[in-house]
Amino acid sequence: MGKYKNMGTFDGGMVTMPSSGSVTAQKFRTMDEAAIASGGAFLQSELEKRDQVIRQPLTSFTYGRDIPIRVGGGWAEYVSAMSVGYGVTGGSEEGPVHAGGANGIPLVQADFDKELFKTHIFSVGMRIMFVDMQRGNMTGRSYESILRDGIRMTYDKHMDANAYVGIKKYGSTGLVNNPNVKITNAATVGSSTKFKDKTADEILSDINNAILAVWEQAEYDRDAIPNHILMPYEQFNYLATTKVSDLAEKTILTFLLENNVARNNGADLYIGAVSWCKEAGLGGTDRMVVYINKEKYLAMDELVPLSRAMTQANATNVCYDTAYLANLSELQLFYENIMLYVDGI
């Protein structure tokens, strides 16, 4: 075997060297053995439990619940919507009445109108340093994934604002601040219009009056019964947690959902909370929004949903740059008479 014949033996985590010649017997411990022998000093910096959850900011967005979102359309600058009005000579009651010997009949005419709704481009960039990317391989966390979640949260918050109040810079409005929507005040009971100062029957009266006012504006079209009500969290939680009376088991919210005029006419009424209604009324009062939540009456377009447009290496800054883009429309209210604002609740 030549010079390798006295290499020593491995047994139980240690190497024993031969004592022959000028070589002294030694023991070389393995990593585990060394740690135990030194009282755990080697692992001291590792004795921690790492929580794998990265806690993101607390937030909420409800635009997908309160407005129909239509996807597709490309990079258009406007969204157009056609409407038509009809007319008959002599009116639709007496005009079409025909008699023998008549030499003509009334003709129906159509008046077309096209409305344009603005769009805008949402754009956010992401930069990941090359070194941070390599460090992610060591920590097991993806920095890109973390930033991607941030971009998605930014997008959802933007969509929420776009749906409820619009983008002020572009002159658009939303569900709670459209200047063309009729505004009324909640009924005064005593000296207050607020829900917290009213009985369940008085609150039901406010809601029924609002539903009937919108339905009347729509000429009592059976498809145009209001089915969606929004209000601030404070009022909603009051309705959801307060009983109709001390002797009743039902909350005011349950009472309202079971006895409203929309339900009695075949519509499924939804009552929900949204932070944008807080102080949205005239004079900073709280606002209730009553409307028809159907695509025929209102919508918002994601012409190009949020997507990763391009990524390129940036050698000058030793990083990777990525651009995310989307094309979005403002709130499209096709009928102005299918919504009502009730202030002072």
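Is Cys319 buried or exposed, and what is its relative accessibility? Cys319 is buried, because its relative accessibility is 3%; buried means under 20% relative accessible area, exposed over 50%, and partly exposed in between (1.4 Å probe, protein chains only).

Before the views, a word on the model. This is a predicted model, in which local features need pLDDT of at least 70, side-chain atom pairs count only at pLDDT 80 or more, and totals for chains, interfaces and linings use all residues. Residues are numbered from 1 along each chain as its sequence is written, and side-chain values use heavy atoms, with hydrogens and water left out.

**View 1. Cys277 and Cys319 are buried cysteines.** Cys277 has a relative accessibility of 0%, so Cys277 counts as buried. The disulfide count is zero, where a disulfide is a pair of cysteine sulfur atoms within 2.5 Å.

**View 2. His120 sits in strand β6, residues 108-129.** Strands (E, at least two residues) and helices (H or I, at least four) are DSSP runs, numbered from the N terminus. His120 is buried because its relative accessibility is 9%. Its side chain makes a polar contact with the side chain of His158 at 2.8 Å; such a contact is a pair of N or O atoms within 3.5 Å, and within protein one must be able to donate a hydrogen and the other to accept it, while residues adjacent in sequence count only if both atoms are side-chain atoms.

**View 3. Helix α6 covers residues 200-217.** Look here for its buried residues, including Ala200, Ile203, Leu204, Ile207 and Trp215. Just after α6, Glu219 takes a positive phi of about 55 degrees.

Notes: The expected span of a helix is 1.5 Å times one less than its number of residues.
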